[in-house]
Amino acid sequence: MQYRPLGRTGWKVSAISFGAWAIGGTWGPVQDEESIAALHHAIDLGVNFIDTADVYGDGRSERLIAQVKKSRKEEIIVATKAGRRLNPHTAEGYNRENLTAFVERSLKNLEVDALDLLQLHCPPTPVYYMPEVFGILDDLVAAGKIRYYGVSVEKVEEALKAIEYPNVQSVQIIFNVFRMRPAELFFREAARRQVGIIARVPLASGLLTGKITRETQFSPDDHRAFNRQGEAFDRGETFSGVDLDIALQAVEELRPLVPPGITMTQFALRWILMFPEVTCAIPGAKRPSQAEENFSAADLPPLSEETMQKVKAIYDARIKPLVHHYW
């Protein structure tokens with residue numbers, strides 16, 4: 001496992017870390033026993049960073065992580081998120097009362113005295129132009145409720161605005177073979193300011209595992225069934241905003257580029273790690289076998305420059321016109 005610095009926190013975190021959205025819900029059926037086993041196996045493999053949110057299973061994900069942490073001796077850094085509990089989800093809701101209440105709830109769920117890393121959870125764009133929100137976060141740090149804070153964003157423009165605030169330590173952003181725009185400008189600016197980059201949705205909601213076909217059926221509680229057009233939250237969260245038929249064609253073009261002996265999942269994760277500005281990628285794992293496949297990708301040799309160029313050519317031809325300038 002590789003370890004990379006997370007912003008200016010002094011932490012070095014596993015380059016492939018654990019995304020805990022799926023163990024909370026909206027990814028189809030999930031069993032807590034398997035989720036716990038997956039978390040344990042990830043830690044056994046060297047993972048020391050877990051990303052979750054208060055809305056993943058209405059706290060279910062946070063509580064499972066707390067259960068696992070209690071039984072481990074290793075230092076495990078847990079990042080959670082706040083904001084999406086707001087209904088309606090408006091910029092005005094990001095006030096002191098609400099943010100403090102969200103933090104207190106996560107402290108209880110995670111059974112800790114201070115949150116390691118709190119991230120604003122894809123807030124409306126106007127929030128990034130409200131310095132008072134980041135002042136509230138500074139106050140929560142001063143009060144000992146959170147150690148550090150960052151943001152999770154939908155758009156590159158939001159990421160660039162967020163890192164203007166001096167105490168933002170990390171930005172979580174969708175980055176994968178089907179979503180390359182962050183690497184153009186944002187990565188350079190984040191590196192200049194020593195801001196950590198957490199690559200979320202690294203497998204494009206499973207597309208880049210190579211296991212999804214046109215015949216794949218998703219359960220009604222899976223966002224890949226109910227959020228294709230952004231019915232529940234931002235469309236870009238589901239399949240990275242790419243039309244499924246076009247994405248599947250692109251996957252078939254990518255398949256010949258995968259080196260012998262590794263899976264497409266591992267190839268897609270290793271591609272992300274080719275960018276030194278990225279702190280970590282956070283694929284989900286609902287069972288130990290998925291954890292094994294995901295986290296072994298950090299130990300694979302680098303991809304060749306020729307392979308990287310061919311991946312970019314497929315993106316430019318198939319995917320870029322669909323997503324590049326939206327997010």
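## Report on a predicted protein model

Pro88 is placed in the loop that runs between strand E5 (77–82) and helix H3 (96–110). The peptide bond leading from Asn87 into Pro88 is cis, and its omega is near 5°. The structure described here is a predicted model, and the account below moves from the whole protein to selected residues.

### Overall form

The secondary structure of the protein consists of 11 helices and 10 strands. A compact globule of 327 residues would have a radius of gyration near 20 Å, and the 18 Å found for the protein therefore agrees with that form. Along the principal axes, the C-alpha atoms fill a box of roughly 55 × 40 × 40 Å.

Of the 327 residues, 57% are buried. Where contacts join residues at least 6 apart in sequence, 77% of them link residues at least 24 apart. The accessible surface of the protein amounts to about 13,400 Å², and carbon and sulfur atoms account for 51% of that surface. The protein carries 38 positive and 42 negative charges, whose mean positions are 2 Å apart.

### Nonpolar cores

The largest nonpolar core contains 99 residues. Within this core, the residues with the most contacts are Phe18, Phe134, Val171, Phe178, Phe186 and Trp271. Helix H9 (residues 264–273) gives the most to this core, contributing 7 residues. Another core, of 10 residues, lies apart from it and includes Leu6, Phe49, Ile77 and Ile198.

Phe18 has contacts in several parts of the sequence. With neighbours within four places in sequence left aside, its partners include Ile23, Ala38, Leu39, Ala42 and Val47. Also in contact with Phe18 are Phe49, Ile50 and Asp51, as well as Ile282, Pro283, Ala285 and Phe295.

In helix H2 (residues 60–70), the buried residues are Ser61, Glu62, Leu64, Ile65, Ala66 and Val68. The cover over these buried residues includes helix H1 (32–44), strand E4 (49–51), E5 and H3.

Gly24 belongs to the loop between strand E3 (18–19) and H1. When residues up to four places away in sequence are not counted, Gly24 touches Tyr56, Gly57, Arg60 and Ser61. Between the C-alpha atoms of Gly24 and Leu137 there is a separation of 25 Å, and the two residues stand 113 residues apart along the chain.

| Residue | Relative accessibility | State |
|---|---|---|
| Gly24 | 4% | buried |
| Val201 | 11% | buried |
| Glu189 | 18% | buried |

Glu189 counts as buried because its relative accessibility of 18% is under the 20% limit. Glu189 is part of helix H6 (residues 186–192). Residues up to four places away in sequence aside, Glu189 touches Leu160 and Ile163.

### Positive phi angles

Gln194 is not a glycine, yet it has a positive phi of about 55°. Gln194 occurs in the loop between H6 and strand E9 (196–200). Val201, likewise a residue other than glycine, has a positive phi near 50°. Val201 is found in the loop between E9 and helix H7 (223–226).

Methods. Residues are numbered from 1 along each chain as its sequence is written. This is a predicted model: local features need pLDDT of at least 70, side-chain atom pairs count only at pLDDT 80 or more; totals for chains, interfaces and linings use all residues. Side-chain values use heavy atoms; hydrogens and water are left out. Helices (H or I, at least four residues) and strands (E, at least two) are DSSP runs, numbered from the N terminus. The radius of gyration is taken over C-alpha atoms; the globule rule is 2.2 Å times the number of residues to the power 0.38. Buried means under 20% relative accessible area, exposed over 50%, partly exposed in between (1.4 Å probe, protein chains only). Contact means heavy atoms within 4.5 Å. Accessible areas come from the Shrake-Rupley method with a 1.4 Å probe; for residues, only the protein chains shown count as cover. Lys and Arg count as positive and Asp and Glu as negative; His and the chain ends are not counted. The place of a charge is taken as NZ of Lys, CZ of Arg, CG of Asp or CD of Glu. A nonpolar core is a set of buried Ala, Val, Leu, Ile, Met, Phe, Trp, Tyr and Cys residues joined through side-chain atoms within 4.5 Å.
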